[in-house]
Amino acid sequence: MASPPDTSKTTKLERYNSYIRRVNSTKLLAASSKLLFRVTLLVALVLIFFFTFNYPPLSDTPTSAGHHVHTTSHLLSSAFYGSGASWEKEVRRSSTPRRPNGFSVLVTGAGGFVGTHCSLALKKRGDGVLGLDNFNTYYDPSLKRARQKVLKQHEIFIVEGDLNDGELLAKLFDIVPFTHVLHLAAQAGVRYAMENPQSYVSSNIAGYVNLLEVAKNADPQPAIVWASSSSVYGLNTENPFSESDRTDQPASLYAATKKAGEEIAHTYNHIYGLSITGLRFFTVYGPWGRPDMAYFFFTKDILQGKPINVYQTHDNKEVARDFTYIDDIVKGCLGALDTAEKSTGKGGKKKGPAQLRIYNLGNTSPVTVGKLVSILESLLNVKAKKHVIKMPRNGDVPFTHANVSLAYKDFGYKPTTDLSSGLRKFVKWLIEFFAL
Ligand SMILES: O=C(O)[C@H]1O[C@H](OP(=O)(O)OP(=O)(O)OC[C@H]2O[C@@H](n3ccc(=O)[nH]c3=O)[C@H](O)[C@@H]2O)[C@H](O)[C@@H](O)[C@H]1O
């Protein structure tokens, strides 16, 4: 009869095998948890990489001047700026009118020069005003922030965002039944277009179309008043310029994008019934103005003893502009808003013909740049270090001169501020603001 198995050996063997099984399963567990950790780490790294390098970047437009025009990417802005109950409350409060039959106006470019002044004027008369601005770095954004502070003191909220952020714009129109849009946001400046052309396409074409797309889908559709430019007259030789003069010879990309805006306005009026009024501003100046404009940097340079270049035409004539004081421009903008008819469309469907208008808003008395400089010299009591140079081929035109009879007839536009008086107010502001 077979001897009984040596249980001690079997037991030992069993114990050894179960030990090996335990060790193996521990090893397996350790290996699989290490593998899981590595996979998790890898996935995390991939996600970090995606959101860092693929998430819409800050659009960074380098310029030859070495400075970049930074704008927050629209997705980022709507993710960061366009959400939350308190944000919505701010939007509603700011845009609600305080007078019977008051307007509810979306002012794009509200952090800008004309935008700030128009927003204040609308709010003071009891209209609701909501600002939209991307606070880009075309010029020192601290000036825009200072304007924003003034608006905040008058309970005007500016949504930080870009015209190209369709999601954000649609959200604003979902929250607010805007009666009007005062569209002043744009890449301005005639000469800068040669340094940074894409900025003009992005703001003045793509941005404007995006705004019109959101507006035509809105219910109710707002009436739109927007800033075109005297520069659309380009090489036109008529003097003064009338709205019916030719505007097919733009001398700069800036002018071409504003002219394009006028044609695009015709299309959205024709197809969707949007009521649209274009205003051709003529070299607007005044307190809180734009530092990239000659009257502004001439003043600072004269005060700081720096030389200034006074342009002359190639046939040795002085260049001239129909400089228009900001308070007159504001009256023109409000006149256009007050006489704007309602859009006829609804949710993107046209119901009938709609108003389409274009007006000159100028001062009707052009002044040479040389005269501008001598007014500044007497206001500042400082002699300018003038270099008279030929006007560079930079998109500038020799003169502008507005015929404003159409704006006068339709909404009583009448400029009342001459250049000396306007510059006096500007210089007073500049010295106080910069504590010079
Ligand atoms: O009406 C407009 O729609 C435009 O007005 C403004 O353009 P402009 O009329 O060209 O103003 P601005 O640059 O201040 O030059 C003033 C004068 O100084 C001359 N100029 C300029 C620079 C210089 O160094 N020397 C000089 O003589 C220059 O040749 C010109 O004769 C806005 O910038 C523009 O956004 C748009 O709104």
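An open sheet of seven strands runs in the order S5-S4-S3-S6-S7-S8-S13 with parallel pairing, where two strands pair if DSSP finds at least two bridges between them, and where strands (E, at least two residues) and helices (H or I, at least four) are DSSP runs numbered from the N terminus. This is a predicted model, in which local features need pLDDT of at least 70 and side-chain atom pairs count only at pLDDT 80 or more, while totals for linings use all residues. Residues are numbered from 1 along each chain as its sequence is written, and side-chain values use heavy atoms, with hydrogens and water left out.

The sheet's edge strands, S5 and S13, each pair on one side only, and neighbouring strands are turned by 20° against each other on average, direction ignored. Strands S3 and S4 pair in the parallel sense over five bridges, with Ser104 standing opposite Gly128 in S4.

| Strand | Residues |
|---|---|
| S3 | 104-108 |
| S4 | 128-133 |
| S5 | 157-160 |
| S13 | 356-361 |

Helix H3 (residues 85-95) packs on the sheet, touching S3, S4 and S5, and its direction makes about 125° with that of S4; contact means heavy atoms within 4.5 Å, and angles run from 0 to 180 degrees between N-to-C directions of lines fitted to C-alpha atoms, for helices over the stretch in contact.

The largest cavity is lined by His183, Ala185, Ala186, Ser203, Asn204, Tyr208, Trp226, Thr257, Lys258 and Gly261. A cavity here is a set of points on a 1 Å grid where a 1.4 Å probe fits but cannot get out, and lining residues have an atom within 4 Å of a point. Helix H7 (197-217) and helix H8 (253-272) are the elements that give two or more residues to this lining.

Technical notes: On a 1 Å grid over the protein atoms alone, a cavity is a set of points where a 1.4 Å probe fits but cannot get out, and a pocket is an open set with protein on both sides within 12 Å along at least five of seven lines; lining residues have an atom within 4 Å of a point.
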